[in-house]
Amino acid sequence: MNSAITSCEHPKPLQRSDGVLNSHEGGQGSKKDGQPRGLSSSHLAYSILDIPPWYLCIFLGVQHFLTALGGLVAVPLILAKDLCLQHDPLTQSYLISTIFFVSGICTLLQVFLGVRLPILQGGTFAFVAPSLAMLSLPTWKCPTWTLNASLVNTSSPEFTEEWQKRIRELQGAIMVASCVQMLVGFSGLIGFLMRFIGPLTIAPTISLVALPLFDSAGDDAGIHWGIAATTIFLIVLFSQYLKNIAVPVPVYGREKKCHTSKFYLFQVFPVLLALCISWLLCFALTVTNALPSAPTAYGYLARTDTKGDVLSQAPWFRFPYPGQWGLPTISLAGVFGIVAGVISSMVESVGDYYACARLVGAPPPPKHAINRGIGIEGLGCLLAGAWGTGNGTTSYSENVGALGITRVGSRMVIVAAGCVLLLMGIFGKIGAAFATIPAPVIGGMFLVMFGIITAVGISNLQYVNMNSSRNLFVFGFSIYCGLAVPNWVNKNAERLHTGILQLDQVIQVLLTTGMFVGGFLGFLLDNTIPGSLEERGLLAWNQIQEESEETTKISEVYSLPWGIGTTFCASSCTRCLPFWPRLERGGRGEVGVSQLTLCSRDPSEERPKGATDTRI
């Protein structure tokens with residue numbers, strides 16, 4: 001094998017007149033005439049490798065935090081009743097701050113060491129069903145006195161032990177189940193399975209992430225349809241109708257000093273603007289008592305003062321730490337249930353990786369990146385269990401939908417979002433304040449987001465011959481069963497009785513998870529019903545993956561940072577690991593040749609002074 005290595009002195013960075021520093025000119029991720037140049041990203045304001053200004057990263061990071069806020073807050077609030085915490089809002093705020101903090105850590109791990117796509121990590125609803133199933137066992141049912149607010153003394157040791165022993169049981173189950181996810185990811189098993197997973201598996205999986213949530217999103221929006229409709233109208237107005245309108249904003253530069261520059265405000269901040277305006281509208285209606293003050297009246301939960309207790313009782317600063325609720329305990333029933341949630345979470349995450357790559361103009365993720373992403377998500381679940389969130393972590397589909405609206409796919413924005421989550425976890429008072437966003441505002445935002453996610457899932461069918469009756473059957477049957485089967489099981493859970501409690505819980509969790517049912521049926525039928533590779537879409541699907549492997553963009557997006565795998569830890573032993581990035585291959589027709597060029601030059605020019613040429 002021939003290996004040619006050419007090195008030369010790097011050109012100095014270019015200083016722009018406005019003080020922004022460019023590391024290279026015309027390279028990947030650079031901008032020319034205000035437009036990003038990158039991975040087929042002409043439709044993006046910022047592609048995955050672009051680095052927006054720091055202040056823009058902060059604002060966009062806050063927007064991603066707000067997008068994930070509903071899911072982040074909902075998980076601990078759903079678990080609160082079965083943890084005997086329905087009358088202890090202060091502890092609920094502690095759980096919310098903890099899940100903020102751990103989500104920030106997991107987001108940074110995923111962006112830097114995981115799949116490296118701009119995907120936010122947060123609490124997963126896939127773990128909620130098995131958690132509630134475990135807490136509904138006779139051993140863990142809350143005592144009657146904890147259901148009566150007048151009998152609950154939240155500061156008493158007896159009450160503290162009641163809820164802490166339950167969350168410690170959840171912690172142990174989550175930590176054990178997370179080891180299964182790490183094994184599947186880092187061993188390369190999920191990457192091996194990807195050769196059998198095509199568009200007819202990915203499409204129903206991603207679509208069924210959002211489709212079954214129409215009920216909860218509709219319930220939140222139905223608290224006050226006027227507020228929800230206002231939020232929807234504003235998001236659609238900003239993201240679709242006003243996206244091409246530039247707004248003059250004040251800018252400070254070294255040469256021009258203070259001046260105005262045009263900025264596509266509505267294209268970049270549609271969700272944040274809509275949430276803020278709707279939130280202010282709810283505040284105004286609350287102050288003027290235009291919204292009803294009776295708790296049972298329609299529209300009461302649209303008031304901004306319904307969660308005032310959480311805001312007043314939460315401390316300004318609180319640093320979550322591992323084992324804050326005590327030493328975790330383990331039971332077989334809990335572990336089996338959470339493992340079922342892990343399976344659903346992995347299927348959803350793989351679909352999210354492909355959806356995110358499409359939206360941010362990146363190549364489809366290679367196998368080593370998927371392996372790494374799933375493994376890091378398992379590590380995130382382990383950390384979530386250790387910190388005591390009562391839940392795990394997974395990739396947030398809502399934020400993948402936000403990428404499609406904002407058209408900002410920069411990885412650094414998600415880094416900023418992870419830092420915002422960390423700060424929100426430490427500043428308890430601020431985190432509690434964000435938790436006061438009225439439910440109909442969140443519901444209106446989710447209706448838009450979930451529609452985008454469903455469309456992204458269906459868009460994978462462009463690689464499939466949908467004139468084929470075989471493909472119509474596979475997709476249609478998978479989608480319909482993914483909606484019908486969970487609906488029946490939720491209404492008839494008592495009929496699933498095998499005599500083994502743990503097995504009953506596993507079966508119930510799997511069959512009530514629509515994305516698992518639809519994705520599994522799509523996987524099974526697509527790989528067993530006869531059909532050509534072209535008909536199934538695997539030919540076009542594999543060609544896209546092979547083409548991405550032959551470009552340098554795959555390494556730019558999915559390689560590890562700080563020279564890991566190229567400068568450091570680049571031995572032949574590490575390259576054998578399933579989750580380790582592969583070195584770039586030579587061009588077509590150059591079999592067995594590996595060439596690394598550290599500066600570009602014309603072949604007709606003389607070799608630069610000091611250049612080295614090594615051949616083996």
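Which two cysteines does a disulfide join here? The partners are C84 and C142, with their sulfur atoms 2.1 Å apart. Please keep in mind as you read on that this is a predicted model.

**The disulfide and other cysteines**

- The structure holds one disulfide, and a disulfide is a covalent bond between the sulfur atoms of two cysteines.
- The bond between C84 and C142 is left-handed, with -105 degrees about S-S.
- This pair ties together distant parts of the chain, 58 residues apart: C84 sits in the loop between α1 (54-80) and α2 (89-113), while C142 lies in the loop between α3 (128-135) and α4 (157-186).
- C84 has a relative accessibility of 1%, so this cysteine counts as buried.
- If you are thinking about the other cysteines, C57 is buried too, because its relative accessible area is 7% and buried means under 20%.
- C179, on the other hand, is partly exposed, at 41% relative accessibility.

**Helices α6 and α20**

- Two packed helices are described by the angle between their axes and the distance between the axes.
- For α6 (residues 199-210) and α20 (residues 514-528), the angle is about 170 degrees and the axes are 8 Å apart.
- Angles over 145 degrees count as roughly antiparallel, so that is how α6 runs relative to α20.
- On the α6 side, the contact is made by L200, T201, P204, T205, L208 and V209.
- On the α20 side, the contact residues are G514, M515, G518, G519, G522, F523 and D526.

**Aromatic pairs**

- There are eight aromatic pairs in the structure.
- One of them is edge-to-face: the rings of W54 and Y55 have centres 5.8 Å apart, and their planes meet at 85 degrees.
- W54 is exposed, with a relative accessible area of 64%, whereas Y55 is partly exposed at 43%.
- F473 and F477 form a stacked pair, with 5.4 Å from centre to centre and 15 degrees between the planes.
- These two phenylalanines, F473 and F477, are four residues apart in helix α18 (residues 469-491), so about one helical turn separates them.
- F473 counts as partly exposed at 42% relative accessibility, and F477 is also partly exposed, at 35%.
- Finally, F101, F319 and W387 come together as one aromatic cluster.

Key. Residues are numbered from 1 along each chain as its sequence is written. This is a predicted model: local features need pLDDT of at least 70, side-chain atom pairs count only at pLDDT 80 or more; totals for chains, interfaces and linings use all residues. Side-chain values use heavy atoms; hydrogens and water are left out. Axes are lines fitted to C-alpha atoms, for helices over the stretch in contact, and angles run from 0 to 180 degrees between N-to-C directions. Angles under 35 degrees count as roughly parallel, over 145 as roughly antiparallel, 65 to 115 as roughly perpendicular and the rest as oblique. Contact means heavy atoms within 4.5 Å. A disulfide is a pair of cysteine sulfur atoms within 2.5 Å. Buried means under 20% relative accessible area, exposed over 50%, partly exposed in between (1.4 Å probe, protein chains only). Rings of Phe, Tyr and Trp (its six-membered ring) pair if their centres lie within 6.5 Å; planes under 30 degrees apart count as stacked, over 60 as edge-to-face and the rest as tilted.
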